[in-house]
Amino acid sequence: MEEIGIVKSIDGPFAKVAVQKKSICEQCTAGTCYLTDEGAELDALNEVKAQVGQRVKVVIRPYTYLKGSLLVYGVPTLALVVGAVVGKEFFADSFKSIDSDLVSAIFAFGAFALSFIIVKIWSSRAEKKIQYKPVIEEILTD
């Protein structure tokens, strides 16, 4: 995914780039942008040494976007299903006074909630890794 934006500030090897907000921004799961009233700002690796005020092309690597989507949508969905099966098959007999479907639902939603905590921890660690950051690929104008 490519975006065109203007460098707003420089902080070491990173630059804060303002890009135009698009309708897809509301559903984005990459977690690389910060939405503002004027548009979206993202922290990008400044490999080309762009300066404040320059127009640049920023690239978000496809595997970063795909991995973020899979993590945000796939892991909780899988946890919900696995939790339901585990609750029904392995723990329904342990709680004979409770309906087995209710035990299944409790385990499903418990695993679902736990998956969100795991996703949050992973995403906060991934934010610090350079390979998941957008990269300024080209300076378009001064």
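1. **Ground rules.** This is a predicted model, in which local features need pLDDT of at least 70 and side-chain atom pairs count only at pLDDT 80 or more, while totals for chains, interfaces and linings use all residues. Residues are numbered from 1 along each chain as its sequence is written, and side-chain values use heavy atoms, with hydrogens and water left out.

2. **Overall layout.** The chain has two helices and six strands, and from the N terminus on they come in the order β-β-β-β-β-α-α-β. Helices (H or I, at least four residues) and strands (E, at least two) are DSSP runs, numbered from the N terminus. Of the 142 residues, 30% count as buried; buried means under 20% relative accessible area, exposed over 50%, and partly exposed in between, using a 1.4 Å probe and protein chains only. Among contacts with a separation of 6 or more, 69% are between residues 24 or more positions apart, where a contact means heavy atoms within 4.5 Å.

3. **Helix H1.** H1 covers residues 62–91, and its 30 residues should span 44 Å at 1.5 Å a residue; the end C-alpha atoms are 41 Å apart, which agrees. The expected span is 1.5 Å times one less than the number of residues. There is also a kink of about 30° centred on Leu71. The bend at a residue is the angle between axes fitted to the seven residues ending there and the seven starting there. Leu71 is one of the buried residues of H1, along with Thr64, Gly68, Ser69, Pro76, Ala79, Gly83 and Gly87. Their cover includes helix H2 (100–126).

4. **Helix H2.** Here the same sort of length check works: 27 residues should span 39 Å, and the end C-alpha atoms are 38 Å apart, which agrees. Val103, Ser104, Ala108, Ser115, Val119 and Ala126 are the buried residues of H2, and what covers them includes H1.

5. **Aromatic pairs.** Rings of Phe, Tyr and Trp (its six-membered ring) pair if their centres lie within 6.5 Å, with planes under 30 degrees apart counted as stacked, over 60 as edge-to-face and the rest as tilted. By this rule the count is two pairs. Phe91 and Phe107 are stacked, because their ring centres are 4.7 Å apart and their planes are at 15°. Phe91 lies in helix H1 and Phe107 in helix H2, so the pair ties together parts that are 16 residues apart in sequence. Phe91 counts as partly exposed at 32% relative accessibility, and Phe107 is partly exposed too, at 27%. The other pair is Phe112 with Phe116, which is edge-to-face because the centres are 4.9 Å apart and the planes are at 80°. Both residues lie in H2, four residues apart, about one turn of the helix. Phe112 is partly exposed at 25%, and Phe116 is partly exposed at 41%.

6. **Asn46 and the E4–E5 loop.** Asn46 is found in the loop between strand E4 (40–45) and strand E5 (55–59). Is Asn46 buried or exposed? Buried, since its relative accessible area is 6%. A polar atom of the Asn46 side chain lies 2.8 Å from the backbone nitrogen of Ala50. Leaving aside neighbours within four places in sequence, Asn46 is in contact with Ile10, Pro13, Phe14, Ala15 and Ile136.

7. **Lys49.** Lys49 is in the loop between E4 and E5 as well. Phi of Lys49 is near 60°, a positive value in a residue other than glycine. Most residues other than glycine have a negative phi. With 60% relative accessibility, Lys49 counts as exposed.

8. The charged end of Lys133 sits over the ring of Phe14, 5.6 Å from its centre; the rule asks for NZ of Lys or CZ of Arg within 6 Å of the ring centre and within 35 degrees of the ring normal. Lys8 lies in strand E1 (residues 2–11) and is partly exposed, with a relative accessible area of 48%. Not counting residues up to four places away in sequence, Lys8 touches Lys16, Ala18 and Val52. Lys8 and Gln54 are 46 residues apart in sequence and 8.5 Å apart in space, C-alpha to C-alpha.

Definitions and conventions: Polar contact = N/O pair within 3.5 Å; in protein donor to acceptor, adjacent residues only side chain to side chain.
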